[in-house]
Amino acid sequence: MKPNPILNGDQTEIREGDILFDCPHCGKNMAIEAAGAGLMVPCAACGKDVEVPIPDADTPEEPLVAVPRPPLDNGESSAETIRQLDTALAMANEQIDQLIAEKEALQERRAFLEQIRMATSSRFEQIAMELATVQDALDRALVLLAEARSEKPV
Ligand SMILES: [Zn+2]
């Protein structure tokens, strides 16, 4: 049984359950199947005998595949984030301006309609007054007509 050297950037030699350890002589990272725990094996790099460590059951295994770290928060990415936020903020402000303009247009439209309604309503009041006058005159004419009829000799 021989350990596999862990090649830089190549994880294909490592399988699930493998024991990962470093050679105490040359420091080379190696992986060996779990059955090799506690055995003396020759180092894949320097050839010296290495005792394969027995994994501690209480210690969770280290993940075999490194989780890629997010890019460092350097000044460039911060500037990019700020630029994106500025763009979003500018768009939001534009939308707010648009909404305010729409609201003002609606208010103007409402005021205009209110003027028309008031003008129409005063015209209707005038017509109603004229009609009342006509109705009064008609009533008086009817009374006169009835009197004229009753006075008419049968
Ligand atoms: Zn070695």
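Which residues coordinate the zinc ion? In this predicted model, the zinc ion is held by the SG atoms of Cys 23, Cys 26, Cys 43 and Cys 46, at 2.2 to 2.3 Å. The angles among the 4 donor atoms run from 104 to 117 degrees, and the site is tetrahedral; because four donors are counted as tetrahedral when all angles lie between 85 and 135 degrees, that range of 104 to 117 degrees meets the criterion. For reference, ideal angles for four tetrahedral donors are 109.5 degrees.

Along the chain, the donors of the zinc ion are spaced as C-x2-C-x16-C-x2-C. Cys 23 sits in the loop between β2 (19-22) and β3 (29-32), while Cys 43 sits in the loop between β4 (40-42) and β5 (49-51), so this pair ties together parts of the chain that are 20 residues apart in sequence. Cys 23 is buried, with a relative accessible area of 3%, and Cys 43 is likewise buried, at 4%. The structure holds 0 disulfides.

**Overall architecture**

The chain contains 1 helix and 5 strands, which follow one another along the sequence in the pattern β-β-β-β-β-α. Of its 154 residues, 10% count as buried, Cys 23 and Cys 43 being among the buried residues.

**Features of helix α1**

Helix α1 spans residues 75-151 and includes Phe 112. Together with Leu 113 and Ile 116, Phe 112 forms a nonpolar patch on the surface, with about 260 Å² of accessible area for the three residues together. Phe 112 itself is partly exposed, with a relative accessible area of 43%.

Side chains of opposite charge can pair when their charged atoms come close.

| Salt bridge | Closest N and O atoms |
|---|---|
| Glu 80 with Arg 83 | 3.4 Å |
| Arg 117 with Glu 114 | 3.2 Å |

Glu 80 and Arg 83 both belong to helix α1 and are 3 residues apart, about one turn of the helix. Arg 117 and Glu 114 also both lie in helix α1, with a spacing of 3 residues, about one turn of the helix.

How values were computed
Residues are numbered from 1 along each chain as its sequence is written. This is a predicted model: local features need pLDDT of at least 70, side-chain atom pairs count only at pLDDT 80 or more; totals for chains, interfaces and linings use all residues. Side-chain values use heavy atoms; hydrogens and water are left out. Donors are N, O and S atoms within 2.8 Å of the metal (3.2 Å for Na, K and Ca); water is not among the atoms, so sites may look incomplete. Four donors count as tetrahedral if all angles lie between 85 and 135 degrees; four count as square planar and six as octahedral if opposite donors are over 155 degrees apart and all others between 65 and 115; anything else is irregular. Helices (H or I, at least four residues) and strands (E, at least two) are DSSP runs, numbered from the N terminus. Buried means under 20% relative accessible area, exposed over 50%, partly exposed in between (1.4 Å probe, protein chains only). Patches are made of residues with over 30% relative accessible area and no salt bridge: like charges are joined within 9 Å, nonpolar side chains (Val, Leu, Ile, Met, Phe, Trp, Tyr) within 5 Å. Accessible areas come from the Shrake-Rupley method with a 1.4 Å probe; for residues, only the protein chains shown count as cover. A salt bridge is a side-chain nitrogen of Lys or Arg within 4 Å of a carboxyl oxygen of Asp or Glu. A disulfide is a pair of cysteine sulfur atoms within 2.5 Å.
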